[in-house]
Structures are given as C-alpha cells and as structure tokens.
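Visitor: Please take me closely through one part of this model, the place where its chains meet, and then through what lies around it. I would like the cut-off behind every term as it comes up.

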Amino acid sequence: MIRLGLLVNPIAGVGGPAGLKGSDGTAAEQALGQGYVSLAQSRTVQALRAMGPLEDAFQLYTFSRGMGEDAARAAGFSPIVLGTCGEPTTFQDTRRGAALLADLPVDLLLFSGGDGTARDIASAVGERIPVLGIPCGVKIHSSVYALTPQRAGELAARYLSGGVPLVLGEVLDLDEEAFRRGQVQAQFYGGLLVPKDGAVQHTKSAGYTPGDGGEGLSQAIRREMRPGALCLVGPGSTLYTACKWMGIHGSLLGVDLVRDGCLLQRDCTEHQLYRALEEGEQAQLFVTVIGGQGVLFGRGNQQLSPQILRRIGQENIRVVSTKEKLADLRLRPMTLDTGDPELNRDLAGYYRVLVGPCETVLYPAK
Amino acid sequence: MLKGRFQEARWEEPILMEQGSRGERGILMPAPEPEVVQVAGTVHDLIPAGLRRRQAPKLPEISQMQLARHYLRLSQETIGADLNIDIGLGTCTMKYNPKVHETLVRMEEMQELHPYQDEDTVQGILQVLYETQEYLKAISGMDAFNLLAGGGTQAIYSNVQVMRAYHRANGQGEQRDEVITTILSHPGNPGAAATAGYKVITLFPDENGYPDLEALRKAVSPRTAGLMITNPEDTGLYNRRIREYVDLVHSVGGLCIYDQANQNGLFGIARAREAGFDMCHYNLHKSFASPHGSQGPGCGAQGVVKKLEPFLPGPKLAFDGERYFWTDPGPQSVGKIHKFYGVPQVALRAYAYIRSLGAKGLRQVADLAILNNNYLLEKMTKIRGISLPLAPGVRRLEQARLSWEDLTRETGVTSDDIDRRIVDYGFQSYFSSHHPQIIPEPFTPEAVETYSKADIDDYVQAMEAISREAYENPDLVKGAPYHGALASQIDTRYLTDPKLLITTWRAYQKRKAQEE
C-alpha cells in the first residue's frame, strides 16, 4: 500500500497578517497574542481534500494534533499517528517527524509551512524521499511548494498514481531579522526532491526595480488614485520605488495606507487595515505580483486577508508591474492563493496591469 | 563546409578626426573663373551674412589616398549581407538585393534627381512610384497607398495618425483613447500609439502562442481606437483566427492596423484585405529587396481602405491618364509625414523587384521562404540545448523564435555568448529578440528564400559546433569573440545607457577631458 506522510507546522504564516514578515522566533507568539491565527490547518485540509477519493488507496502517517492528525481527520482520513508532540511545537518536532517518516519510508511527504519549514525538512531528509510543500508561510522563496493548497493536493494525487517525474527543488530562506529591517536576501539551504509539474511554484526572483527608477509607474499610479480615496499600497520593490517617486516613503515589505499622495500609516497589520476600511469609504488597493513566482495574493502580503480583499472588491484592485516582470512569468497566469478558495474564484480573471505611464497589460490571474 | 579558420581583419584604426594633418586636403577645388564671379559673385557673397560661420568648422583634414584606406579598412571590419550567410538576423528579412537594381539607382537621372525639379522632367520616376503603389494595392488588397514614410515605424506612425483623424472626423476623437497591441508585435506599434497620445493595452500570448483572444474580448470597449497587430508575429506562428480578432475590434467601432513590415511568408498567400484590416504597411527595405540596415534610408509603404483615403498624408501622387503629378491630399489629410516625397531610390528597387518577379514569382518567394525556414528549423531543433517554445509541433511560416534555455541551464552559456561566438565562424552577430523577452535565451533566425540548401547547412553546422563547444568547453564560448574585428568584448552599457553613449567627436573630447 502507498504510504503518504504529513507534517504540519501549526503556526506557519501566523506572522503574516500581523505584518511581521514571518513566524520565526518571538514573532509567532506576538502574532498569536494579537489574536491572529495560523491558516496552516485549514490550508492543509484544503490540500488533502483536493487529493480526491483515495480512501483505501494509501495509508497516511503523521503526528499528533496540530502536527497533522487534526487536519487529516478533518479531511476524512484515518491516519496512523507515529508520535505525540508538546505544545507549542518547535522546529525540532518538524525535524524529528520528517526523519521518522523518511525512515519508514513514506512514498511522499506532504508538509505545510513556509521557507523555514522547508529548511527543517531539508536538513532532516535531504534527498532520501520525495516531498511536496503545501504553501502556508508568510513568504515562500523555495521552489518546493505547490502554487496553492488545492494544487498541492492535486499534484500529490497525480504523483502517487505514477507518471510525474521528480526534480531537485531549491530551498531558500531569508534572514527574518534582516527582512523585518527591509532587506531581502535569500540564501540557498539545499535541495529537496519534488514532483516536477506546472503546479510547483518557481523560485522567487528578487528586486524588479523599474528601469527608469519607477518614474513611469509612479505616474500611472498617481493617475489611478482617486482624489480623497483611501489607498492600500502592498509590499515589493516595484511599488516601493514607484512610491518614492511620488514622495511617499512607504515600507518595502509592508502594506501602507495612503491618501491624496500622503502617507497615513506605514506597515499596517491586518487589524489596522480592517479598521481603516470600516470607516466605510471605498478604498483602492495597489499590489504587485511576486517576480518569478507570479503570486498576487497569499505570499508576503497576508495582511491583505480574505475579508480585506472582499471589502475592497476586485474592481478596486490595481496590479502594478514592470513589463519585464510579467514577461518573466513565462506566460503563466498570476496565482491567487488568498486562503479562501471561493474568494480565489471571485478574484480570478483578467487584470489591467499598470506597466507604464500610459500602458497596461491585460494579464490573467487564476 | 565549416569555416574553422576564419579570421576577420583587425585594424588598430584611429578615428578619422585623429588622422591627417593641418592643411591636408582630399580635393583642391579650382577657383571660379573671373567671368563667373562677375556674374554670380563669390561663394562668400552667396551666403547671407547672418548664416555665415565666424570660424571654419573642424572637419577632418586628410588626403584622398589615406581617406580611401581608412574606409576600406573599416569595411573589412564589418560582416555585411554580401559577405556572410545572414540567416541569424531574423525579422530583418536579409534577402539578396539584386545587383542590377544598383545599376538603376546609379543612373544619372536618379543620382541627379532633385525634389524641386519640374514635374515634366521626372515623369519616369513618378510613373515608377505610381505603379509601385498600384502593385502594392494588388498585393495587399488595400484601396490606396503612398510611399512617403522614410522607414517602417514612420509608416506605422502615419497609420496611427490616420486612425486618429478618422475618429476625430466622426466626433469620437476624445472618446477613443485606447490602442490595443500584442507583446510580440514590433515595439514600433506601442511606441507609435503612445507618441500619438494613446493609452496602450498590450496582450500576451495564450498557452498556444497566439495573442490571447479572451484578453482582447476584455480589452475592447467604446474607448478602443484600434488594434495594431502583426501576423505572423516574431514566433512565425500564423494566426488563422485573425479575422475573429479584427471583427471583434470592428464590432466596437475600432480600426485594425496590420504591421506587415515583414511580408515575406505571405506573398500571394494571404492579404490584409481578406483578413478584414483597414490599414497596413510594408517595409520595402525588407521583403521587397531594397537594402536593409545601417539606419536607412528605407521606405515604409502605407496602405489603407477606401474610407480612410481622405486622411492619408500628402502630397498625393495622381495620374490623369497622360501625366503624373503631385496634388494636395485634401482638407482631411493628416499633412506631411516626411520631407518631399519619401525615398524614391528605395521605391525604384522595389518596383524592379516586383516587375522582375511578377505575381507568380512573388508567390514563389513566399513558398521558398517558408520551405527554407522549416528546413532550417528541422535541423536547428535537433541541436543539443536548443528548443522551439510556444506551440511545439506547429509549423512556422518564414521565421521562428528559438531558445537556448536548456543549453544555458546545462552549461551556463547564454544566447549572448553564442551570439559573440558565431562571429568567430564568419557569420554576423544574430538577432535575439525584441524586448521584453517572453522566451528565455532567445534567438530568431530567418532563412529567406535566397539562401541555398548548402548555405543553410553551413549555418546549422556552425551552430552545432558552438553547441558542442558549450558542452565541452563552456569558457571558450563565454570568452568569444577571438577571430572578429574586435579582440575583446564590448561593455554594452556604452551602447544602451544614454548617460554613457557618445555619438559625436565633440562629446567624445568632452568626456575624455572629464575623465582626465
């Protein structure tokens, strides 16, 4: 019988909506203290459900409660629990669990987390067994994760029924301390064997600074900003440099609030954004797509939660990018991974991406 | 046969301004006879005082023999279309330019031709221009043509101007402020539209490599002024559904402009008219065999349907059954696009080309261009490390965009490296892609109809050799060129960064002084 392993980092991504750019160290505690919850459980359930009816096809091996058992049961599986973990769990639990699953060995290890989790998995199993990540982290640079939980489940099922080859995916991670200070430097931490497929996300390409220093894009944004409207400006160097041209010194990696060309608040948490939106006015959102990966929502901008995006509405979302960044997506659509499958469907379609002062590209998002 | 021992001339040739000596002359002009001076005055007197320079210009001072040597040496350091197999320069349609055409443009009547000549003395060339326009009407199916633009993008711009004038005349000039184009159409299209003040909407290809029709459905609106599109695009993929795109734009009141700069795979096979287009343009310096490159002079022939004729630029060339003459284009014309009447020498070569080939011959041009390209692709795609992305297995027309992505991943050697290495084999530097590049490590060859099977085999052999080198000794390819006129690699920033680019002697002197 086919053996499937499952490991969940139960706090993955919790720092995102809190604007903490990660969930390492004390960040998770801080975010949990502010009332934010990790979506790792629900995203893992989504992935498992997407595997389709496989009841007797394989046996699922995992660890107690938040490490996989809860998600597996919620998705209708009867897992074999290999061990129990303390609460809260630590990276050591991930490493220990991964090593045990590799010793079994399982035919595929599904794991939920972000770049930090991928590092733990890589150090524990190396290239001993095939793995696939369910994206749950704040930012994901590694090319060992599927584009969305849904696609992780589908790809896992395809792989287990044979026919999908394996490739070496890259595990990359940032120094979160440096990242919080606004520095983006990814380091290579090793390789993992992942099923090769269009559903696996690419490595993030860093720094698409517009060739003209952002002047053209800043003109485009200025033209689009409605007088008096509350504008949310998402993270990324594209928007950061364009805003600098407008005299707005926002945050490189956070979501800022702007009105009439003036910065109201830098680097907001999800709660702060929601309070600002609750004042009732119709807001606009400016976001950029992640270079190389093509993710629009769900990586590095979890502050823009499903409830925030719903409130803003698709018609008020403006995507900003350089033409080069779109070209480098190699004709793959932009990816929507808000954590809410229904919202992903609602937001799908073509966007008029602002690429220059008087130029847009009609580009699809899925 | 692979030319493994190629070595281009390499001269340590100073800039012309650094040569010669003070007072040295190439030509000593004889003084005018006293009788002439008495009637006409001196040259000095002929120039109005306000236009006279106070100081003589700093021109090179050099004798004829030294000058001839200078230019001959420079010519030895270029790889022109007559010297090599120029298959690499795709989208440029580097076909053979018949030498007999040069005899025509070197006729005294052509060399001495002056735009201020009385029309009665230039009936011959006017007839050539007029009939060329008539032939282009038949080739495209358009109702009116002019040969005024000095290049392809100028003709594109003229088409945009006509589109704007048409919408204005219908009271929709303000409302229609958007132009739709595709990422794989020549950048001259969005460039011309933006220059004319339009907002540009760009479509990317769909998963089959064709412009995304779904995106076009989202793009069209009452604000649409028009669609500017190429078919086939640089990928060489002919879009069979082009009529649907055109009809969609027409359904919202927009016009459709067909960029036919490269018409080589379409002669006698498909016309702008049947695809429903309102306007098109041809680069006579591409498919119509006038020499291409060196930044001109070229000729962009502009064609439109009947309803747009009143808006064409002027002057208009007319024929009353006996006499050819220039006439006012009418009150709705967009005015002038080029000084005088365009470049008649280019049009004359195109005229000779059309006349010598005839309708059947032109059709054969397209057939052979497609055949040559597909023969080339069959062989190229077997080379290790190269691939043909977008619509694999679908036949291309006259050109294709290949990719060295696999080779780059496996060896670290990039398309740019190969582009420099090909020079060591005696072939001209090739064309990678327009920007932005949606195909990684691109290379766009075009084996036009005038290359023989042996030529194509030679070219492919060189590419095979370079691929082998890349896998066996990547540093060799990365360090190229070794046998070109340049011994070393150029820092390309000096060509692409406006802050570093120097185009005049004076600017060069200034920069040198600053650096010292």
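Guide: Chain B averages a pLDDT of 94, and 98% of the residues score at least 70, where pLDDT is the predictor's confidence in each residue on a scale from 0 to 100. The model as a whole scores ipTM 0.88 and pTM 0.89. This is a predicted model, in which local features need pLDDT of at least 70 and side-chain atom pairs count only at pLDDT 80 or more, while totals for chains, interfaces and linings use all residues. Residues are numbered from 1 along each chain as its sequence is written, and chains are lettered from A, with ligands numbered from 1, in the order in which they are written.

The contact between the chains takes eleven residues from chain A and 16 residues from chain B, two residues being in contact if their C-beta atoms, placed from the backbone, lie within 7 Å. On the side of chain A that touches chain B, the elements that give two or more residues are α12 (323–327) and β16 (359–365) of chain A; helices (H or I, at least four residues) and strands (E, at least two) are DSSP runs, numbered from the N terminus. The largest share of that side, five residues, comes from β16(A). By class, the residues on the side of chain A that touches chain B divide into seven nonpolar, one polar and three charged, with Ala, Val, Leu, Ile, Met, Phe, Trp, Tyr, Cys and Pro counted as nonpolar, Asp, Glu, Lys and Arg as charged, and the others, Gly among them, as polar.

Chain A itself is divided into domain 1 (2–195) and domain 2 (215–365), with bounds that come from an automatic or database domain assignment. The C-alpha centres of these two domains of chain A lie 27 Å apart, and their contact takes 18 residues from domain 1 of chain A and 17 residues from domain 2 of chain A. Pairing within chain A can be followed through β9(A): four bridges join strand β8 (residues 230–233) of chain A to strand β9 (residues 256–259) of chain A, running antiparallel, and three bridges join β9(A) to strand β10 (residues 262–265) of chain A, again antiparallel. Val258(A) in β9(A) has Cys231(A) opposite it, and Val258(A) also stands opposite Leu263(A) in β10(A). The hairpin of β9(A) and β10(A) has two residues between the strands, and Asp260(A) takes a positive phi near 50° there.

In chain B, helix α10 (residues 242–251) has Ile242(B), Tyr245(B), Val246(B) and Val249(B) as its buried residues, buried meaning that 20 or more other C-beta atoms lie within 10 Å of a residue's own, exposed 12 or fewer, and partly exposed in between, with C-beta atoms placed from the backbone. They lie on the same side of α10(B) because they cover an arc of only 95° around the axis, the arc being that of the directions from the helix axis to the C-beta atoms. Asp247(B) and Ser251(B), on the other side of α10(B), are exposed. The cover over the buried residues of α10(B) includes α9 (213–219), β4 (224–230) and β5 (255–259) of chain B.

Notes: Two strands pair if DSSP finds at least two bridges between them.
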